[in-house]
Amino acid sequence: MIADMYKRRERTASVLLGLVLLVTAVSIVFMAPEGTEEWMETAAFLFPILLLMVIALSSRRKYNKVKDMEISDSRRSLTELDHLVIQPDAGLYPRLLVFEKNGAYIGMLKVDHLTWWSRPLVAFRSSFLSFVPCTFRFYSNEGRPLFSLHRQGFKETVVTINNDREEKVGSYIQKEFKSLIHMKGMMKKSHGQEILSVHASGFSGDFTLKDETGHTWAHFYNGRFPVEYTRVFRDIDNDIVELSDSLPAENKTLLVGTVCFLFIERSLRK
């Protein structure tokens, strides 16, 4: 699964690199720059070209590193998880791959339903996903749906979170419209009771979620952890979320669903 992730990233970067090179070549052939100023404007294409080359080569290096490594499937249930390693995956629509610290694959959150008219918009620019109704679903490593997120709203984002039987366990309501600095919201039970205030950085994703009693439900600590805890991820700058292991099943599903949505939102802001 991790090898496939790096392979998709390499393929995506290579395709985009080819398109940028094609546009640059056509621009030079049919609109040949004249003078220093126009050549400087053309040189602006060098940055995305170099960036895409770095991404493609880096993904190739990481793919070669893990392609022969056996990645096991996690045997822990959703309620047993005490941490998540979250990796954004390359694809037509945004999605997340979720692992344990030892590399065991937990599952994938991906777009499961989009209205027909919004599909080309989101395919063209993923940030449009913040403006249209959609459904995300989390699939286990066995392909079994564990929970779903149904996003609606424009100025106020309402995410209805259902369990594996499509029964509503609660919702996450994000108050601020497209704030680039912070993501603020509230988790609610299915009957509307507010149970947890959410405040996360729109850039780094940093958050510590505590209830009124001071009990920590989840904590994201800049994605850094000691190297002895990992085999296949980077030593630093991984997205690691510690989860409380003393929550009821419904609250755990509501928490994991909210955390996954926060990371999807963060990926759309980049």
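I began with the rule that two strands pair if DSSP finds at least two bridges between them, and I took helices (H or I, at least four residues) and strands (E, at least two) as DSSP runs numbered from the N terminus. I noted that this is a predicted model, in which local features need pLDDT of at least 70 and side-chain atom pairs count only at pLDDT 80 or more, while totals for chains, interfaces and linings use all residues. Residues are numbered from 1 along each chain as its sequence is written, and side-chain values use heavy atoms, with hydrogens and water left out.

Entry one, the whole protein. I looked up the elements and found five helices and 12 strands. Of the 270 residues, 47% count as buried, where buried means under 20% relative accessible area, exposed over 50%, and partly exposed in between (1.4 Å probe, protein chains only).

Entry two, strand β2. I located β2 at residues 95–99 and saw that four of its five residues are buried, which leaves the strand mostly covered.

Strand β1, at residues 83–89, pairs with β2 in the antiparallel sense over five bridges, and I found P88 opposite L96 of β2.
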